[in-house]
Amino acid sequence: MNEQERPEGTERRLTARVTGEGQGGGFRYRARGRAVQLGLTGVVSNMPDGSVRLVAEGREPALDGLREYLRGPEAPGVVTGVEESFSPATGEFPDFRAE
């Protein structure tokens, strides 16, 4: 099934790698807070290279809201890049947590 054939309201998975300065200082907890506000489930964690990895599952409008947040002025620190990919949701997350 391609993107045009995906049923409306289908849950998806966003996997993002966020790079920049200051991603360690509260970034995970504020990203988690925004994801919870949007009704998403998933996880956000620091990576050894200093980037942050975020996996979020939910409906497309909520994922779009999180994507906008990650690139917008409200995101903590200075975000210099967001690499993202999408896949079908797996339903493995009962909530959204910061690790």
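1. Arginine 13 is buried, at a relative accessible area of 12% (buried means under 20%, exposed over 50%, partly exposed in between, with a 1.4 Å probe and protein chains only). Its salt-bridge partner is glutamate 57, with the closest N and O atoms 2.8 Å apart (a salt bridge is a side-chain nitrogen of Lys or Arg within 4 Å of a carboxyl oxygen of Asp or Glu). This pair links distant parts of the chain, 44 residues apart: arginine 13 sits in strand 1 and glutamate 57 in strand 3 (residues 52–59). Glutamate 57 is buried too, at 2%.

2. A word on the basis: this is a predicted model, where local features need pLDDT of at least 70, side-chain atom pairs count only at pLDDT 80 or more, and totals for chains, interfaces and linings use all residues. Numbering runs from 1 along each chain as its sequence is written, and side-chain values use heavy atoms, leaving out hydrogens and water.

3. Next, glutamate 60 and arginine 12 form a salt bridge, closest N and O atoms 3.0 Å apart. Glutamate 60 is in helix 2 (residues 60–71) and arginine 12 in strand 1 (residues 11–21), so the bridge ties together parts 48 residues apart in sequence (helices, H or I of at least four residues, and strands, E of at least two, are DSSP runs numbered from the N terminus). Arginine 12 is buried at 7%, whereas glutamate 60 is partly exposed at 24%.

4. Arginine 17 bridges to aspartate 49, with 2.9 Å between the closest N and O atoms. Aspartate 49 is exposed at 52%; arginine 17 is partly exposed at 29%.

5. Overall, there are 10 salt bridges in the structure.
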